Amino acid sequence: MNLSDLPSQGDLKNRWPFSMKIFSVIKEFSNSHYPIPYISIVLALACIGLYGYQQIIGLPWELSPEQQISWGGNLAALTLTGEYWRLFTSMFLHEGLIHLLLNMYLLMMVGPRTEHQFGRVGMFAIYLVGGVSASCMSAWWLGSHAIGTNFLGLPSIRLVVSIGASGAIMALCGALLSGFAMDRFNGKRGNEEPGFGRALAQVVGLNLVMGLFVSNTDQAAHVGGLIAGGAVGLLIGHVTTDHNKVMRVVRLALTPLLAGLAAWWALSASDVATLQELRADMETTKHEEQKARTEIQEKKAREAAIIKERQQRPPQVDADTARGKVIKVSESGASFVLSEDETKAYVVDLERNQISVVDLVQGVVEKRIAGPKLPVQTEEKVGCYSLKCSTKGALDIQVMRDSSLALVTAMEKNAVTFIDLSAAKRVATVRVGAAPHAIVLSPDQSRAYVHNTQDNTISVLDIATKKVLSVLTVSNDKNWKIEDRLPMWFSADGVRLYVHNKSDHQISVFDTQTLRPLDDVTFAQLEHIVAPKGVKGAVWGLSDDGIFISDGFEPTAKKTIPFCNSITAFTAAGVSTGAVELLAVAIPNYANKGTFVRVANVGSTVSVGQYPLHGYVTELLFSADGKRLFSLTSSGDLSIIDPRKRMDDDDLLCKPVAT
């Protein structure tokens with residue numbers, strides 16, 4: 001059911017089937033010596049003012065069915081299922097200018113005479129009560145009779161919107177006719193002009209007869225208004241002949257009961273259950289149409305933003321400029337972290353078993369803090385492609401926010417080493433499991449979680465007491481690469497620890513308060529997990545084929561974005577600044593023994609640029625504002641890249657897919 005397919009019935013109850021000849025008859029009804037018809041003028045101005053306001057705010061000359069509904073049109077499926085105010089508002093709405101002028105002309109022809117005959121209060125009561133009653137009759141008829149057929153050819157209720165003042169104007173005619181009839185029945189002669197009542201009856205009768213043959217005429221409203229107006233006219237009586245003020249007030253007070261009776265009758269005589277179903281269908285259709293419009297608007301906005309973003313990208317630079325500022329830190333780089341203010345970097349040197357403190361502002365190594373001397377390790381001796389396969393030598397690091405203390409894994413055998421950064425010396429050693437590698441700090445930095453690669457366990461350390469609180473078992477599967485750093489991250493509230501063991505495609509979940517395991521989550525072909533800087537609990541999962549975005553860690557992603565081309569090996573980092581979300585991936589270039597770092601805007605999928613580096617990247621980190629990208633290579637080079645100083649790149653990310 002499409003609201004835009006509703007017939008344009010704004011003048012359904014208002015398109016009077018008159019010819020210009022009939023207008024000439026109506027003109028004869030006017031009498032210039034009547035007092036000023038204030039009520040008629042006010043009612044006409046209300047209708048004209050509403051239409052004028054609609055034009056001022058930009059509505060079309062002819063209202064569509066949807067617009068008629070939104071402005072208070074009388075639709076049975078809405079009116080008789082709770083929106084009773086439409087019985088009143090529909091009297092003042094008009095479909096277009098011609099429709100409005102026609103009804104206002106008729107109102108000013110009949111209104112002043114009714115006002116003179118029944119008084120201002122009486123005329124106002126007839127107009128409102130008759131108009132509401134006409135709306136009730138229209139809603140009942142259109143909502144209870146099969147006036148259309150569905151695609152099977154079976155009778156069905158058709159949704160029709162009815163608006164306009166014609167039902168109320170017919171009520172004025174009915175009141176005048178009932179007054180004339182009562183005068184003649186009582187043997188009285190009113191003050192109407194000769195032939196007035198007969199001419200009025202002819203015009204009303206002709207209108208009703210022609211309405212049977214003219215489409216888009218709401219006969220139910222016309223008949224309902226005529227009957228209600230006649231009844232109210234009889235109830236009120238002529239104010240010019242009835243001088244009993246008390247009875248007149250009583251009669252006027254009873255007129256709203258007629259409107260109430262009409263509404264009650266329309267409700268009790270209608271199939272409300274069917275109308276409620278129609279209303280539900282309308283609301284569903286409206287929601288779907290609004291959703292579709294919103295999606296189209298969002299798509300257009302995204303496309304426009306992408307075009308603008310591409311146009312505003314800075315011009316490309318040469319490879320040396322794109323490489324950024326390179327600081328030679330050591331002979332081998334395993335991992336690094338940034339200080340809270342991002343002015344220093346703490347770099348782990350696996351080969352020399354030391355950490356280097358780098359002043360990022362000056363671009364120099366400020367100090368080095370060495371661990372105990374260890375046997376020389378070589379790739380041949382270790383038996384794998386990377387020195388990270390070694391179970392001896394510093395591998396990973398975390399630093400407290402105040403930069404007072406660093407925790408380093410594997411600087412001493414099967415241990416975590418505590419280093420006083422101010423004094424530049426080791427102050428404690430805590431024994432953990434076999435071959436510790438990855439380490440993360442809890443959000444409040446009261447605990448450290450250390451992954452022991454050979455045991456595939458996690459040691460939970462209390463930083464204040466420098467003791468192991470518990471040992472968590474990650475998986476019974478030992479068939480995973482020992483050189484890979486196991487990703488660990490926390491939920492936004494810090495009460496859950498997530499551990500990704502990609503060897504068996506498991507996300508292990510632990511309660512950080514009870515230190516007990518929760519249900520695991522299985523993911524196939526999930527290669528990397530990126531916890532983007534700037535958003536607590538957010539997770540970007542990366543496979544060879546693309547990236548999925550999740551607010552927390554759920555079995556299904558909020559959005560999936562494929563890579564335009566499959567990527568087989570990479571290191572990744574992300575950042576969300578609130579204004580932009582950036583993803584960086586480091587793709588090895590084995591032919592040149594280097595790495596291409598590629599950066600893309602996750603929100604728009606627009607490529608930011610490409611940055612060629614010497615050596616293989618072991619770690620990538622963004623600054624919190626996304627304006628700097630730090631890269632550490634296995635040869636110990638720390639690069640500070642400005643993403644705006646870019647080389648052109650093909651698109652990394654393609655069209656996103658909502659899930």
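Let's start with the largest nonpolar core: it has 60 residues. Leu107, Ile126 and Tyr127 have the most contacts inside it. Keep in mind that this is a predicted model.

Which helices supply at least two residues each of this core? There are H2 (38-56), H4 (76-79), H6 (97-144) and H7 (166-185). Then come H8 (196-211), H9 (219-236), H10 (245-269) and H11 (272-312). Helix H6 gives the most, with 19 residues.

For background: nonpolar side chains in soluble globular proteins tend to be buried together.

Now zoom in on Ile126. What does Ile126 contact, leaving aside neighbours within four places in sequence? The list is Thr114, Phe118, Gly131, Ala171, Leu172, Ala175, Gly229, Val232 and Ile236.

Next, the surface. Ile36, Tyr38, Ile41 and Leu45 make a nonpolar patch of about 390 Å². Take Ile41 from that patch. Ile41 sits in helix H2. Is Ile41 buried or partly exposed? Its relative accessible area is 31%, so Ile41 counts as partly exposed. The cut-off for buried is under 20%.

Last stop, Ser631. This residue is in strand E32, which covers residues 629-633. Why do we call Ser631 buried? Because its relative accessible area is 0%. And what does Ser631 touch, not counting residues up to four places away in sequence? Phe336, Leu613, Val617, Glu619, Leu620, Asp637, Leu638 and Ser639.

Definitions and conventions
Residues are numbered from 1 along each chain as its sequence is written. This is a predicted model: local features need pLDDT of at least 70, side-chain atom pairs count only at pLDDT 80 or more; totals for chains, interfaces and linings use all residues. Side-chain values use heavy atoms; hydrogens and water are left out. Helices (H or I, at least four residues) and strands (E, at least two) are DSSP runs, numbered from the N terminus. Buried means under 20% relative accessible area, exposed over 50%, partly exposed in between (1.4 Å probe, protein chains only). Contact means heavy atoms within 4.5 Å. A nonpolar core is a set of buried Ala, Val, Leu, Ile, Met, Phe, Trp, Tyr and Cys residues joined through side-chain atoms within 4.5 Å. Patches are made of residues with over 30% relative accessible area and no salt bridge: like charges are joined within 9 Å, nonpolar side chains (Val, Leu, Ile, Met, Phe, Trp, Tyr) within 5 Å. Accessible areas come from the Shrake-Rupley method with a 1.4 Å probe; for residues, only the protein chains shown count as cover. A salt bridge is a side-chain nitrogen of Lys or Arg within 4 Å of a carboxyl oxygen of Asp or Glu.
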